Amino acid sequence: MAQNENTQNTYLTFRLGTEIFAASIDKAVSIIEVPEIIKVPRSPSYMKGIINVRGTVMPVIDARMKFGMKPIEIKKRTVIVTFRVDIEGENVDVGALVDEPGAVIQIKKEQIMNRPDIGSKYKSELIVGAFTHNEQFIMLVDIDKVFTLDELTEINDSKEEHSLEEHIEAESHK
Amino acid sequence: MDKILAILIFATVFPLSATIYRLISGRTIVYQIVIFPLSMLGIGVSVMYASYVYSGMLSFIISTILAVILIIIGLILARRLAIRYINSQVKSMWTSDLSKQSGTEEFIDFFIELDSRTAKLKRKEEDTAKLRKDISSMTTEIEQKISGAVERFTQQGHVIHNILRANSSIIRLLKENAENAEDIAGSAKRSAVKIDVNNKNVQKSVLTLRSIISKIKFIDDLSFQTNILALNASIEAAKAGQNGKEFAVVASSIQKLSEKSKKSAAEIDKISQSGIQLSERTGRISAQIVPDIKTTAKQITKIAETTKKQHQEAEILSYTIAHLETEISHFTETTQDINRMIQELTDLVRSYETQGGLKTSFKDDNESEFYSDSDFEANSNLSNVAFSDDEFTDNEFTDDSTSPKNE
Amino acid sequence: MEDFRNKFKEEANDLINALENSVLRLESAPHDEDLINEVFRIMHSLKGGGAMFGFVKISEFTHNLENIYDEIRNGKKQTNIELVNATFESVDHLRNLLRDEIDASIEQKHIELSKRIEKLVTDNTENQSFDEYQDMILNGDNGAKAVPKAGYYIYFKPNADIFDNGTNPLFLIDDIRALGNTKIFTHLEKIPTFGKFDFSVSYTYWEILLETKESVLEINDIFMFVEDECTLEIKKIGDWDLVSNEKYIEAITKKYSSDKFDYQELKSLAHTIFKPKETEKHQEKKVSEKIQKFAQESEITSIRIATEKIDQYMNLVSELVTAQAALKMYAMKTKETELLAISETIENVTEQIRDNALSISLIPVENTVTRFRRLVRDLSVGVKKDIEFITEGTDTRIDKTLLQIITDPLMHIIRNSIDHGIELPSERVKAGKPEQGKIILRAYYSGSNVHIDVEDDGKGVDIEKVQKKAIERGLIANDVHLTKEDALKIIFMPGFSTAERVTDISGRGVGMDVLKRKIADVRGDIEIKSEKGQGTRITLKLPLTLSIIDGLLVTIGPSLFVVPLTSVSRIKELKIKDITSKYQNILVMDGEQIPFYFLRDELQIGGEYPEEVKFIIVKYENTRVGIIFDTVIGEYQAVLKPLGKLYRKHDIITGASILGDGSVALVLDTNKIIKKFSSKEIV
C-alpha cells in the first residue's frame, strides 16, 4: 500500500466545534455511537471515562478539551472515533469524543501545507499540517500526540482553559 | 220558605256580585258610592218584605222605618266614603308618582275643610247668611284653585303622556336590543362551536405532524447510523488499500445516500416543524378566541337578559304610567265633577241667597249630592273620552272655569 | 513464504533458547547423554529448517555443530570447555543469523566461528557417519533418520535351466548390491569337473547378507522374473547394520558351510553380537529416541499460538462471560424453566471455557528463567565471580503478560545480586563460605498468588552503607539512625542506589523504586529480607493472573466497584450516624482500632451515604482499614480489564470489569487505598 499511494494519503475527518480536523486513516479504527460513559474518579477532566466496546474497556477522551476548546456536550451527532494509537511503543485502543464524524477523504501530498500559523488558538503541537478540501479548511492532527501529550494538556487545562475559551469566543464574535 | 230563600239570595247575590264587580274592575269608588248603598237598600227591602210576610203589618212598619234609617245611613256613609276615597286617591297619586306640590296639599286640605264646613252648614242654620257669604267667597276661591289645579293636571297629563310615548319607544328599542343581543349571543355560541371544531382539527393536524416528525427522526437516526456504518466501511476499505478501492466506492456512495436522506429528513423535519408551529399558533389563537367568544356570548346574553329585564321594568313602568294617566284622567274627571258640583253648589247657595230656608236646601243638597254622584258617574265617562283630546279638555276646563268666573 | 519464514524464526528462537538452556546444563553435566541428544536434536532441527526456509548460513553453521554432537553422542568425542564456549557463542550467533539483515560484523563472526567449529570437527578424524549426514542435508529434515536399516538373509539358488530364457543371475546379484551393503557368499561347490560341465546348466548359488533401508518387497522385486526358475529365500535378521559389523561377518564366515547358513543361527548370532554389548543398548536407545522423535513429529501435542490470538481469545471469553450473565439475568426474569436450564448449561460451559482460557494464558516461569541462566553465567564471568544459578519450581505457571512485565525487574534483581550481593571468591573464602556463590530463583504458589524469590548467599544489605547513602541523598536527616526494617524500606525509595561505582550491570540510576512501581503496576508487591553476611532474599508477590479477580461487588451512589475478595476480612452493617461521630475516623471493633475511610468523598462521588452503610474491613499485611460503601451487591468474579495506559497514573483503581448487563464496574486496589490511607495517617 505504501508503494502506490505515495502521492495520496487517506484521512478521516471530524468536526470539533466549528473546525474540521483530519487524522490519518491508519490510526482510525472505527466510529461508534456514544454509549454510557463511566467516569473514572479522580482523573483529569479531559478524560471522559471508560466505555464498554464489545467486551473491552476503552478510555474515552474529550477531543475538544485536548485542543483547548470548551468541553464537549454530548448531542445527537456526537460520536466516538476510536483510534489505535502508539503510547510508549504500545498499541492502545482509545476513543475520542468528536462533535460529528466527517468522511474518508484522499488528499494529495502536495496539497498539504505546513502547520498553519494559528497562533495559540489550538494546541499547535497537535497539528501537523492543513489543507483545503471542498473549499473547507481542514487541519491535520497527529493523533498519537493527542493522546500522549497528556501531562502537557493537564497542566495547561487549568491554566489556559479560561483564556483560550475567551480567545475562541472573541474569535467567533469576529 | 222559598220566599225567604229568594230574599236571602237577593240579599246575598247583590252585594256579592257587586263585590265581584269591584274585584274585577278594581274600581272601589263605584262599589263604595253606588253599590254599597244599593246593597244596603236591597238588604233593607228584603228585611221589610220578610217581616211583612211573617209578622204582619206592625212589624212591617217597624222594619220599614228601620230600612229607611239604614238607607239613609248607607247613603251618608257612601258619600263620606266617596269623598275619602277621592282624597286618598289624589293624595296617593301626588305622593307616590309625582313631585310634591304644595297646591295639591292645600287642595286636599281644602276638601277636608270643605267637608267639615258643609257639615257645619247643616248644623248651624243661624249662621247661614254668614256661611253663604263664606261659601260664596270660598267657592270662588275653590273655582280659582280648581281651575289652577286642572291646569297643572293637564300639564302633568301632557308630561306623563309624553313620558308614556317616550317610554313605549324605549320599550320598543329595548325589545329590539334584547332580540339583537340574543341573536348575537346565538351566533357567538355557534362560532365558538365552530372554532372549537376548527381547533380540534388543528390539534389533529399537529398530532399528525408530530408523528411525521417522529418518523422523520427515526429516518434521521437511521441515516445517522447508516452514515456511521458507511464511514466505518470506508475506514476499513481505506485500510485495505488497493483491494478496498471498489468497496470504498460502495461505502462512500452509501455515505452519500445516507447524507442525502439525512438532508431530506432534515428538510421534512423543518417543514413539519414549521407546520407544527403554524398549527400550534393557530390552535393557540383559536383556543384563545373560543373563550373570548364564549365570554362575549355570555356577556351578550347577559345584556339581552338585562335588556329584557329593563324591558319588563319599562313595561311595568309604562303600565304604571298608563295607570297613572288613567288615574289622572279620573282625577281630572273628578275635579271636573267637583267643579260642576261646586258650581251647582254655588248655584244652590245663590238660590238660598235669594229664597232662604235651610231645610229644603238641606234636602236639596242631599238630593243634589245624591244625583251629583250619579251624574258624576255618567260624566266621568264623558270626560274620559274628552280627556283623550287635550284640546277639548282644555277648552272644557277653560269653559268651566270661565263660566263661574263670569257669574 | 514470508509467513513460513516468520514461523520458522519463531520456532528457531524457541529452539535456540532451549539450546542455550541445554548447553548451560551440559556445562555442569558434560556427560549427560540426554543433554547431548537434546543439543544434537536441536542442531538437527535448526539445520533442516534453515535449509528449507533459505537460512543457508544457519544450515551450514549447524551442520558442523551437529556432527560434533553426534560424535559425542556416539562416544567418539568428549565434551570440552572449548566446545561449550563455542556453542554458547554459536547460540548468540544463531540469534543474529535469524535476523533478516546480516551486517559485516555478523559475517565476520560467522566466518570466525565456522572455522573454530570446523577445527573442532577435524580434531577427530574418524567420521564414520558423514555419509549419513550428507544424506540428511540432501533430503532435508526428514532424511536418513526416518527409515531404519535392516539386515536380510537372501538364499538364491537358480534352477539348472535358468540360462534357457537368457537370465544372467549375476545381474540379479548386482541389483541386490545396489540396495545396500552386502556380504555375498558364492557357492561354487556344485560345479562339476570339467568333463561333466554343461554350459547350459547353472550350477552356482548364492547366499547374501544385505544391509538396506529398502523393504523386503523391494528385494523381492529383483527376483520378480526368476521366481519360478530358482529357489529363493529372503529373511530378515534384524534391524542392525549387519554387514558393517566386522565381528558379525567374521562370526558367520566361520559358520560358512558348503550347503547353506542356518537362518536361526544367523539370527541368534546377530543377537549375541548386537544385544548384550554396548551397541545393543545404544541401538535400542536410538530406536526409542527415534520413536520419540517420530511421535513428536507426527503427533501434534502442542501448537504454537500467537499471543495476540490468546489475548483476543481471552477478550472473547470475557465477552462470552458477560453475554452469559446477561442471558442468565433474562432467563431468571422470564422464569421459563427450559430457558433457565439452557442458561445453566451455558453457564457451566462458559465457566469451563473461561478456566480453560485462563490456563492457556498462563505459561510456566521456565521460559523466562532460561534467559537468566545465561545472564548469570555471562555476568559472573564478567565480574570474575563463581556463581551457581539454581532454579526451583520453574513449572509454576503465571499469566504471560505478567511474566513479560516482571522479566525486567527480575533481571534487575539478579543483576544486583551478582554485582552487589555475591562476593568475590577470595572474600567468600575469607568469610568462611564456599568459593562458589549461589543464586536461587524459586517460584511457587501462595494462595491465589505466585511468589518468586531471588535468594543469594552473598554479603547481604549493609545497613550502615544504606544509612550513609540515605543521608548523602538527603532521604533522611543526619541524626536519624535506621533500623534494619527501615533500611530495607529505604532501598525502595526513589533515587536510591547503593552501588558504589556505576558498572554495566547495575547502578544505572534505575533503582529498586522503579522495580517496586513496576511490580505494583500489576497488583503485585515486593519484599526484601536480608541478613548481613548471610545473604538477601527478594520476594515478588504476584497475582496468578491479571485478568480475573474474585471480588465483592459494591456500590457508592450510581457507581459500581469491585473489591478484591482476598483483601476483604469482614463486612459490617453500620448506621452512618454512628460512624460520622467517631473521633478521627477510628472505630474500635473487637478491641482493635480500625481507621476508616469515606471513599465517597475520596473519589469525589456526589451524594450522601444512606442511613445504613456497609463497613468493609480490608486488610493488607498487618493493617486493617475500613472502607465505607452504600451497599454490597454480592460476590462477583470479575474479568479484569485494564483501564489502559491513559489511566496508568490512576492509583486506587486497578481496572474495570464488565458486568452481565453491560454496565462497567471499577476494580479497587485496596492495598493502594490502605497504603495511601496509612501514609496520610502519618502525615
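This is a predicted model: local features need pLDDT of at least 70, side-chain atom pairs count only at pLDDT 80 or more; totals for chains, interfaces and linings use all residues.
1. Make-up of chain A. Chain A contains three helices and ten strands. Read from the N terminus, their order is β-β-β-β-β-α-β-β-β-β-β-α-α.

2. Chain A has 174 residues, and 41% of them count as buried. For contacts within chain A between residues at least 6 apart in sequence, 54% link residues at least 24 apart.

3. Chain A against chain C. Here 20 residues of chain A are in contact with 20 residues of chain C. On the chain A side, the elements giving two or more residues are β4 (47-53), β5 (56-62) and β7 (90-98). Sorted by class, this side of chain A has eleven nonpolar, four polar and five charged residues.

4. Chain A against chain B. This contact takes 13 residues from chain A and ten residues from chain B. On the chain A side, at least two residues each come from β1 (8-16), β3 (28-33) and β8 (100-108). The largest share, four residues, is supplied by β3(A). By class, the side of chain A that touches chain B has nine nonpolar, three polar and one charged residues.

5. The buried side of α17 in chain C. Helix α17 of chain C covers residues 463-472, and its buried residues are Val466(C), Lys469(C) and Ala470(C). How are these buried residues arranged around the axis of α17(C)? Viewed down that axis, they fall within an arc of 100 degrees, so they line one face of the helix.

6. Glu464(C) and Glu472(C) are exposed residues on the face of α17(C) turned away from its buried side. After α17(C) comes Gly474(C), with a positive phi near 75 degrees.

7. What covers α17. The cover over the buried residues of α17(C) includes α18 (484-490) of chain C. Asp486(C) is a residue of helix α18. Is Asp486(C) buried, exposed or partly exposed? Asp486(C) counts as partly exposed, because it has 15 C-beta neighbours inside 10 Å, whereas a buried residue needs 20 or more. Asp486(C) and Val466(C) are 20 residues apart along the chain, and their C-alpha atoms are separated by 9.9 Å.

8. Lys335(C). Lys335(C) is not a glycine, yet its phi is positive, near 60 degrees. Lys335(C) sits in the loop between α12 (307-334) and α13 (337-361) of chain C. Because it has 8 C-beta neighbours inside 10 Å, Lys335(C) counts as exposed; the limit for that class is 12 or fewer.

9. Lys384(C). A positive phi, about 60 degrees, is also found at Lys384(C), another residue that is not a glycine. Where does Lys384(C) lie in chain C? Its place is the loop between α14 (366-382) and β6 (387-392). Lys384(C) has 9 C-beta neighbours inside 10 Å and therefore counts as exposed. When checking backbone angles in chain C, a reader will find positive phi values at Lys335(C), Lys384(C) and Gly474(C).

Technical notes. Residues are numbered from 1 along each chain as its sequence is written. Chains are lettered from A and ligands numbered from 1 in the order in which they are written. Two residues are in contact if their C-beta atoms, placed from the backbone, lie within 7 Å. Ala, Val, Leu, Ile, Met, Phe, Trp, Tyr, Cys and Pro count as nonpolar, Asp, Glu, Lys and Arg as charged, and the others, Gly among them, as polar. The arc is that of the directions from the helix axis to the C-beta atoms.
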